[in-house]
Amino acid sequence: HYISVTARITGPNIVVQPQSIDFGTVDVLTEKPYKPIVLANHSPIPAHFSCRLTGRQIPNVVHPFTLTDFEGVILPGAVANVKVHVYLDEAMKFTDE
């Protein structure tokens, strides 16, 4: 005898807020307060996450954006805060995704 099993498997449901961050005008060599990105796990299973900055790298220029708390596990129904920091050591326009 054989048993036929059909299953639909889905991973964790993660909601990310906000969708974008704007630091506004940032003075060179001045620290601005970090901006949080909140990852909320709306599922009954733990969610492993890892965040990274994307976008083009400019040769010989230190990237102005950094992340802290950018990887980990979010328990069911819990949230994680990824912190986005900005620090400019040159007067240039920067954007990232």
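Colleague: Which residues is proline 18 in contact with, once its neighbours within four places in sequence are left aside?

Modeller: Those residues are Pro36 and Ile37, and the word contact is used because heavy atoms lie within 4.5 Å. Please keep in mind that this is a predicted model, and that proline 18 itself lies in the loop between strand E1 (14-17) and strand E2 (35-41). Proline 18 and leucine 39 are 21 residues apart in sequence, with 9.3 Å between their C-alpha atoms.

Colleague: Why is proline 18 called partly exposed?

Modeller: Its relative accessibility is 34%, and since buried means under 20% and exposed over 50%, a value in between is called partly exposed. Proline 18 therefore counts as partly exposed.

Colleague: What makes the peptide bond from glutamine 17 to proline 18 worth a remark?

Modeller: That bond is cis, with omega near -5 degrees, whereas most peptide bonds are trans.

Colleague: Which residues other than glycine have a positive phi, and what are the values?

Modeller: Leucine 29 is one of them, with phi near 65 degrees, and aspartate 69 is another, with phi of about 55 degrees. Leucine 29 is placed in the loop between E1 and E2, while aspartate 69 is found in the loop between E4 and E5.

Colleague: How do you know whether leucine 29 is buried or exposed?

Modeller: Leucine 29 has a relative accessibility of 56%, and because the label exposed is given over 50%, leucine 29 counts as exposed. Threonine 10, in the segment before E1, is also labelled exposed, its relative accessible area being 52%.

Colleague: Why is the pairing of aspartate 69 and lysine 83 called a salt bridge?

Modeller: The distance from N to O between their side chains is 3.5 Å, and a salt bridge asks for a side-chain nitrogen of Lys or Arg within 4 Å of a carboxyl oxygen of Asp or Glu, so the pair qualifies. This pair links distant parts of the chain, for aspartate 69 sits in the loop between strand E4 (65-68) and strand E5 (71-74), while lysine 83 belongs to strand E6 (residues 79-86), 14 residues apart. The structure holds one salt bridge.

Colleague: Are the two partners of that bridge buried or exposed, or something in between?

Modeller: Aspartate 69 has a relative accessible area of 44% and lysine 83 has 25%; buried requires under 20% and exposed over 50%, so the label for values in between applies. Both partners are therefore partly exposed.

Colleague: What does proline 46 touch, and where is it placed?

Modeller: Proline 46 is in the loop between E2 and strand E3 (47-50), and, leaving aside its neighbours within four places in sequence, it is in contact with Pro12, Asn41, Val73, Ile74 and Pro76. Leucine 75 is 29 residues away from proline 46 in sequence, yet their C-alpha atoms are 4.5 Å apart in space. At a relative accessible area of 42%, proline 46 is partly exposed.

Colleague: What elements make up the chain, and how are its surface and charges described?

Modeller: The protein has six strands and zero helices, and its order from the N terminus is β-β-β-β-β-β. Its accessible surface comes to about 7,700 Å², with 55% belonging to carbon and sulfur atoms. The 7 positive and 9 negative charges have mean positions 8 Å apart.

Key. Residues are numbered from 1 along each chain as its sequence is written. This is a predicted model: local features need pLDDT of at least 70, side-chain atom pairs count only at pLDDT 80 or more; totals for chains, interfaces and linings use all residues. Side-chain values use heavy atoms; hydrogens and water are left out. Helices (H or I, at least four residues) and strands (E, at least two) are DSSP runs, numbered from the N terminus. Accessible areas come from the Shrake-Rupley method with a 1.4 Å probe; for residues, only the protein chains shown count as cover. Lys and Arg count as positive and Asp and Glu as negative; His and the chain ends are not counted. The place of a charge is taken as NZ of Lys, CZ of Arg, CG of Asp or CD of Glu. Buried means under 20% relative accessible area, exposed over 50%, partly exposed in between (1.4 Å probe, protein chains only).
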